Amino acid sequence: MIQSFLHTHGRQIVDESNQPILMKGWGIGNWLLQEGYMWGMHGQKFDRPRRIERTIEELVGHESAAHFWQEFRNQYMNEDDINYIQAQGYNSIRLPFNAALFLTESGEIDETNFYLIDRFIEWAKKHDLYVWLDMHGAPGGQTGANIDDSTDDIPNLFMVQSYWQQAIKLWRFIAERYHDEPAVAGYDLLNEPIRPETAALQNFDYLLPKLSQFYTETIAAIREVDQKHMFSLEGYHWASDPSVFVKQYDDNFVIHFHRYGVLPTNETFEDFLKVSEQFNVPLWLGETGENINTWFSGMSKLCEEYEVSYHFWPYKKLGKNNGSLTIKTPDNWDALTDYVEKGIKPGRNTVDELLDQYLENCQFKNCQQNQDVDHHILRKAPFSYSATAFDDQDYHATTIRNNFKRFRQGTNIEILAPKEQKPSHFSFDVYLDEYRVRLNDQEYVTYSFEDVSQNEKLILTIDIEDTQKDARLEIIENHQLTQVISGLTSTVEVTLNGSFETDRVQIKALDGYVALQTITLA
């Protein structure tokens, strides 16, 4: 049971005993703010909460739609989910919410749905998980996109005074309600404020000073009722640009950023590491993911190396296997997607059956558990690294070189890019599984593993086409135990001693060059 408040201490988050805690966990997307893609839908008709709710009401009527959403919020997340997240080895959760759930149409505080957050925090506290409260959709919209539930893709929070006041009032109410709750890690004031310009959407960069002003005023309002909790402040442009960090907003805040569709390398953290160091505050990668397993292990390893807290996204969604859980797609779900995407309206009985099945399938007990995903994020056997995820400090190259992708630039280790540009498998595909590390004679890289069992296997996948015929590999475990492998094939298996708290495995090429693809702790 959590009893200690968290606060910042320099660039670390610590508990009341000043013990550092690197926060790691999942973001609970789609529960208190729905996103269409998590339902397997595409198109504007089903892209944000107000449109999703309108579509359901079109299909089943107002009364039945209201009943569906009540059941959805009661069943989508329950204590079994919280227990499962903790059991995997995480210590915290980011809880996104839509402000509209807690405000009347006229913008007054409505306490009706607060039981959902109260109950969630109670479960988390019981299971030793901290909770970040995240205003994912602010009044009027802070992003200007589907994810903030805005009406017209305009960040009206910064342009309409009534929305501005409602947001600050709601945050003050939340802080007063939870001011004495240690299981609340802090307040993530706005998710992904002020999106970038696109070909179809106008530029709102001129609102950046308003974002800074919002942070300042909201922090001041919260500090009137809560002096204990941390703040999370996000950059703009999908939380990818740190330009808003122009001053020390508070003495207890973290700098929050997001990363998708990038190669997991320190260059992708560089801008935020600089401002974290400048202001001497912790860094939090509050959203990342939507990728493949080796990308997950590479990104979380990078976070651990730089002491960056991290939360992957999202915990569960329909029909996809790259979250912690998969909601199984109801039979005949195409009848609903056809309405959303083609306007072909299904019969009422069909819709009722689909929604009932969805409510059943979304419950923890009926979801598919993707433990391979969690094993890769937390780097617990069995899991794999891309060979490119070698340790940042222990490697050796015999010549100076870079690569056209600027991947692991400065290490001088040869990185082989994908041999051909194939179609993307998903939106954020960076083809990580097609990159290779080619070690030339006497060059080496090192990979670190925690909690290795005795006689555990290390499996190396080798690209034989880019490996010299008579080359060998030398495997050195913690600078003590050496094995030499000759007659290389596409898979090489090594037995580890496993008697060390941290196993550092050095892989060195002898008598030629060797192209490594993946490193698996089995």
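Predicted model: local features only at pLDDT ≥ 70, side-chain atom pairs only at ≥ 80, totals over all residues.

User: How are the rings of Trp 26 and Tyr 90 arranged?

Analyst: Their centres are 6.4 Å apart and the planes sit at 70 degrees; over 60 counts as edge-to-face, so that's what this pair is. Trp 26 is in strand E3, while Tyr 90 is in the loop between helix H3 and E4, 64 residues apart. Both Trp 26 and Tyr 90 are buried.

User: And what about Phe 158 and Phe 214?

Analyst: Those planes are at 85 degrees with the ring centres 6.5 Å apart, so Phe 158 and Phe 214 are edge-to-face too. Phe 158 lies in the loop between strand E5 and helix H5, and Phe 214 is in helix H6.

User: Is Phe 214 buried or exposed?

Analyst: Buried, because its relative accessibility is 0%. Phe 158 has 5%, so it counts as buried as well.

User: Which residues form an aromatic cluster?

Analyst: Trp 39, Phe 46, Phe 68, Trp 69, Phe 72, Tyr 76, Trp 333 and Tyr 358 form one.

User: Switching to helices. How do H8 and H11 cross?

Analyst: Their axes come within 7 Å and cross at roughly 30 degrees. That is under 35 degrees, so H8 is roughly parallel to H11. Phe 296 of H8 and Ile 377 of H11 are among the residues making the contact, which divide into 3 nonpolar, 5 polar and 1 charged.

User: What covers the buried residues of H1?

Analyst: The cover includes helix H2, strand E4, helix H9 and helix H10. Among the buried residues of H1 are Ile 52, Ile 56 and Leu 59.

Technical notes. Residues numbered from 1 in each chain as written. Heavy atoms only, no water. Buried < 20%, exposed > 50% of the residue type's maximum accessible area, 1.4 Å probe, protein only. Helix = DSSP H or I, 4+ residues; strand = E, 2+ residues; numbered from the N terminus. Contact = heavy atoms within 4.5 Å. Axes fitted to C-alpha atoms, helices over the stretch in contact; angles between N-to-C directions. Parallel < 35°, antiparallel > 145°, perpendicular 65-115°, else oblique. Nonpolar A, V, L, I, M, F, W, Y, C, P; charged D, E, K, R; others polar. Phe/Tyr/Trp six-rings, centres within 6.5 Å; stacked < 30°, edge-to-face > 60°.
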